[in-house]
Each structure stands twice: as C-alpha cells, then as structure tokens.
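Please open the model in a viewer and keep a selection tool at hand.

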Amino acid sequence: MELFYYLAFGGLSVVVAALELSKTSKDRVAISSAFNSFKNNYLVVYSLAMAGDWLQGPYVYYLYSQYGFNKGDIGRLFIAGFGSSMLFGTIVGSLADKQGRKRACVTYCIAYILSCITKHSPEYKVLMLGRVLGGIATSLLFSAFESWLVAEHCKRGFDPQWLSLTFSKAIFLGNGLVAIISGLFANVLVDNFGLGPVAPFDAAAVLLAIAIVIILPSWSENYGDPSESNDLIAQFKVAAVAIASDEKIALLGAIQSLFEGSMYTFVFLWTPALSPNDEDIPHGFIFATFMLSSMLGSSIASQLLARPRPKVESYMQIVFAISSFTLVLPTLTSFLVAPSMEKSGSISFGGHVLFFGFCVFEASVGIFWPSIMKMRSQYIPEEARSTIMNFFRIPLNIFVCIVLYNVSAFPITVMFGMCSIFLFMASILQRRLMVVAEIHKSRAQDWSSLNERDGETAPLNI
C-alpha cells in the first residue's frame with residue numbers, strides 16, 4: 001500500500017487526538033452517575049449497531065462486482081435498498097412509535113443479520129432480497145435508536161442539555177472510531193487473512209447478535225404519545241400535520257433529505273471516482289480514513305454544541321457550503337487535471353486531490369450528524385418522532401433511486417455536480433430555518449412578557 005495513505009491517516013489521527021486533548025472544562029459538562037451509566041449503555045449498543053452497518057460499507061460494491069455484475073446491475077441492487085427504505089421506512093417508523101422503540105431496535109438487528117446472510121449467494125434475486133432487508137434495517141437504524149434515546153432520556157428526568165453530549169459521543173464513537181476500526185478490520189479480513197469480500201458481512205452479523213443480547217435485558221420499552229390513537233393511519237396523520245403546520249419541521253426535513261441524499265450518492269460514487277481506470281486502491285483503508293475524517297468532524301461538533309454560541313442553526317450553513325464545494329471537485333478536476341489512462345496502476349494525481357476533498361466532505365458529515373440530531377430533538381414532537389423522521393427519508397430515497405437508476409446514463413462528474421447543487425440548496429434552507437426559529441423565539445418571548453405584564457396589572461378579585 002502506498003505511503004500516501006499512511007501519511008493521510010496518520011496526519012488525521014494526530015489532528016483528532018490534538019483536538020480531543022485540547023478540550024477545556026468549558027467543553028465538558030458535569031453529569032450525574034445515573035446519566036453516565038445510561039449514556040454508556042446506549043453508546044455500547046449504538047456502537048455495535050453501527051459496526052454492523054459500517055463493516056459492510058467498504059466491500060459491498062466490490063462484492064457485487066466480484067460476483068460478475070456490472071455498474072448498472074449494482075446500481076439496481078442499491079436502488080432496491082433505498083427503494084425499500086422509502087416504501088417501508090415510514091411504516092416501520094410508525095410501528096416503532098406504536099409497538100415500541102426497543103422492539104424496533106431488535107428488529108433492526110434481526111433484519112440486518114438476515115441481509116448479511118444473503119451475501120453468501122451469487123444469485124441476483126437473493127442479493128436483491130438482502131438489499132430490501134437492508135433498506136428496512138437502515139430506516140430503523142436512523143430513527144428507532146434516536147427516538148428510544150430521546151424518549152428514555154426525558155422519561156428518566158435527565159437534563160435536556162445532556163442530550164447533546166450523548167449525540168456527540170454517539171457520532172464520535174459510532175460514526176467515527178467504530179467506523180474506522182470496522183474499515184481496518186474489514187481490510188484485514190479480506191486482504192490479510194484472504195477470507196474474501198463476504199467475511200466482513202459475517203463479522204457484522206455476529207456484532208448485531210451481541211447487540212440483541214445487550215438490548216433485551218437492559219433496555220426498557222417506550223412508545224409515542226399514549227394519548228394518540230394507536231391506529232397506523234392516525235400516526236401518519238399526526239406526522240403529516242406536524243410537518244405541514246410547522247415550517248421549521250418542514251425545513252428540517254428538506255435539509256436532511258438534501259444532505260443525506262447527497263451523502264448516500266457519495267457512498268456509491270467514491271469507489272469509481274478514485275479508481276476510474278480500475279486503479280489498485282485499498283478500499284478498507286480509504287474507508288477508515290474517511291471515517292477518521294468524520295470522527296474529526298464529530299469532535300468539532302461536540303465543542304460547538306457545548307457552547308451557547310454559535311447556534312447550531314448558524315454554523316451548519318457554513319458546513320453545507322463547504323460540503324457543496326468538496327463534491328464539485330470531481331467536476332473541476334476533470335477540466336483542470338489531465339486524466340490518467342493507466343490501467344490497474346496506483347491512484348492518480350487527480351485521485352489525490354479528490355481524496356483530500358472527500359476527507360473534508362466526511363468531516364462535514366461528522367459535524368452534520370450530532371447537529372441534525374440536536375435540531376430534531378428541538379423541533380420534532382415526541383408523539384410521532386419515528387414516523388416523522390422516516391417521512392424525511394422518503395424524498396432522499398427518491399433522489400438516490402433516481403440517481404442510481406441513471407448511473408450508466410450520466411458521467412460521474414454530472415452526478416457529483418448535482419449533489420453539490422443540492423448541498424448548496426441545503427445551506428440556503430438552513431439560513432431560512434435560522435431566521436424562522438429566531439422569529440418564533442422572539443414571538444414566544446414577547447407573548448411571555450405580555451402575559452407577565454397583564455398578570456402584574458390585573459385587579460385582584462376579592
């Protein structure tokens with residue numbers, strides 16, 4: 001493996017370590033021992049759940065190609081995953097609010113284990129079934145766990161401000177450290193031990209089984225608002241009304257869809273972007289470096305969220321703008337850097353440029369996750385939290401399916417350009433969200449002041 005990859009990984013490691021060690025008492029929050037125990041239990045489970053997902057990331061595209069499928073076939077397999085998440089996501093989200101978030105988290109583990117088992121078959125239909133199961137699991141991963149955490153946190157009477165601590169730690173570990181270890185471990189299983197590209201999926205199934213063993217005895221069940229009807233259609237109505245009646249929720253959903261849609265498209269595109277001529281690149285090590293960049297972003301986010309200023313609504317505008325620029329780099333380099341025609345060689349100069357740009361994008365992803373979690377905890381009502389969060393995933397899944405369906409029709413630079421435009425739109429909408437939130441806060445303060453004055457001047461009735 002080239003020295004370049006080691007230097008990039010080592011340099012990022014030093015920066016992350018320095019950032020963590022530089023944290024002052026202002027960046028740390030005094031917490032109770034009960035909360036610390038609760039937080040650590042959740043972090044262990046969440047890390048295992050995320051490891052089950054991350055272990056599959058580096059080699060899913062490669063596995064399908066090894067089975068002899070072309071880019072179009074692989075694109076349709078990815079469409080099956082995002083399509084099932086779109087079709088079944090809202091249903092399973094509503095069922096999580098209705099039947100219980102703990103059950104939904106266990107269901108996630110079971111569905112993903114079954115999806116991993118299908119990877120042993122080279123049959124296209126079996127792999128398609130695995131993608132459908134994976135899509136359902138992904139909807140649960142990004143809604144049920146967070147919904148359970150927020151509800152349980154409030155039920156136990158912990159300080160609402162402590163949620164930010166759990167969010168940032170969850171992303172630092174689950175989307176950072178665990179992802180890095182998963183990428184390196186997957187690389188060892190495939191390249192060093194020679195177990196083949198299906199080995200990471202087997203390892204993922206084992207970790208998900210361990211998560212089930214921990215969840216069952218240690219987690220209590222929680223639901224949506226019990227005053228609401230348990231009918232599934234009623235849950236949909238509650239979610240739809242909340243989104244339609246509150247501009248902040250609608251804006252948050254649009255922002256999330258634009259960013260995550262671009263992010264999931266990037267997951268599919270980074271491999272062919274860095275190896276357009278089938279250059280020999282270490283997929284697992286590159287993936288681990290990306291995750292280290294994400295870890296850097298989550299570390300930055302933890303410091304930002306621990307301070308009253310700048311507000312999350314403010315700094316996320318800059319994050320979206322930066323991420324927009326990073327994903328336009330493939331288009332720019334196609335014009336400014338002469339393409340390499342060498343087959344099966346090392347990564348090209350243009351590839352080096354893209355690699356650094358993609359690392360910056362992953363750092364933006366690391367900032368995005370705890371920040372969007374913080375905003376969701378502020379704006380999304382508890383009674384239909386999982387349902388609303390999965391409503392947000394419908395447009396992003398439509399976007400990704402359209403992109404992947406046309407993956408063979410458009411040059412890769414065009415698809416990256418589209419993602420860049422969507423990220424810029426997210427920055428504009430984030431600005432609007434900040435303005436609306438400030439207006440709403442100002443009106444609430446004025447109303448509160450008016451009530452206080454009325455109370456002071458009102459005559460006493462004796």
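The model is a predicted one.

**Stop 1: the largest cavity**

The structure contains four cavities of 30 Å³ or more, and the largest cavity holds about 660 Å³ of space. Select Asp 53, Gly 57, Tyr 112, Tyr 264 and Val 267, which lie nearest the centre of this cavity among its 35 lining residues.

At least two lining residues come from each of α2 (33-54), α4, α5 (101-118), α6 (124-141), α11 (247-274), α12 (283-305), α14 (349-379) and α15 (385-405). Which helix supplies the largest share of this lining? That helix is α11, with six residues. Colouring the lining of the largest cavity by class gives 18 nonpolar, twelve polar and five charged residues.

**Stop 2: the second largest cavity**

Select Tyr 42, Tyr 46, Leu 141, Phe 142, Phe 145, Glu 146, Leu 149, Phe 167, Ala 170, Trp 369, Met 373 and Arg 376, the residues that line the second largest cavity. The space within is about 70 Å³. Helices α2, α7 (144-155), α8 (162-192) and α14 each provide at least two residues of this lining. By class, the lining of the second largest cavity comprises ten nonpolar and two charged residues, with no polar residue.

**Stop 3**

Keep Glu 146 and Arg 376 selected; both belong to the lining of the second largest cavity. Their side chains form a salt bridge, with an N to O distance of 2.4 Å. Because Glu 146 lies in helix α7 and Arg 376 in helix α14, the pair ties together parts that are 230 residues apart in sequence.

Are these two partners buried or exposed? Glu 146 has 5% relative accessibility and so counts as buried. Arg 376 is likewise buried, with a relative accessible area of 2%.

**Stop 4: further salt bridges**

Select Arg 432 and Glu 247, whose side chains meet in one with an N to O distance of 2.9 Å. Arg 432 is located in helix α16 (residues 412-457) and Glu 247 in helix α11, so this pair ties together parts that are 185 residues apart in sequence. Arg 432 is partly exposed at 38% relative accessibility, and Glu 247 is also partly exposed, with a relative accessible area of 36%.

Glu 152 is buried, with a relative accessible area of 2%, whereas Arg 156 is partly exposed, with a relative accessible area of 40%.

**Stop 5: the largest pocket**

Turn to the open space of the largest pocket, which amounts to about 610 Å³. Select Tyr 62, Ser 275, Glu 279, Ile 281 and His 283, the closest to the pocket centre of the 26 residues that line it. Helices α3 (60-66), α4, α8 and α11 each supply at least two residues of the lining of the largest pocket. The largest share, four residues, belongs to α8. Classified by residue type, this lining has twelve nonpolar, eight polar and six charged residues.

**Stop 6**

Helix α4 spans residues 71-99 and contributes to the lining of both the largest cavity and the largest pocket. Select Phe 78, which lies in this helix. Phe 78 counts as buried because its relative accessibility is 5%, the cut-off for that class being under 20%. For a distance check, select the C-alpha atoms of Phe 78 and Tyr 61: they are separated by 9.1 Å, and the two residues are 17 residues apart along the chain.

Finally, select Leu 87, Phe 88, Ile 91 and Leu 95, which make a nonpolar surface patch of about 330 Å². Leu 95 is placed in helix α4 and counts as partly exposed, at 32% relative accessibility.

Technical notes: Residues numbered from 1 in each chain as written. Predicted model: local features only at pLDDT ≥ 70, side-chain atom pairs only at ≥ 80, totals over all residues. Heavy atoms only, no water. Patch = residues over 30% accessible without salt bridge, like charges linked within 9 Å, V, L, I, M, F, W, Y side chains within 5 Å. Areas by Shrake-Rupley, 256 points an atom, 1.4 Å probe, with all protein chains shown as cover. Salt bridge = Lys/Arg side-chain N within 4 Å of Asp/Glu carboxyl O. Buried < 20%, exposed > 50% of the residue type's maximum accessible area, 1.4 Å probe, protein only. 1 Å grid on protein atoms, 1.4 Å probe; cavity = no way out; pocket = protein on both sides within 12 Å on 5 of 7 lines; lining within 4 Å. Points joined across faces, edges and corners; volume = space filled by probe spheres on them. Nonpolar A, V, L, I, M, F, W, Y, C, P; charged D, E, K, R; others polar.
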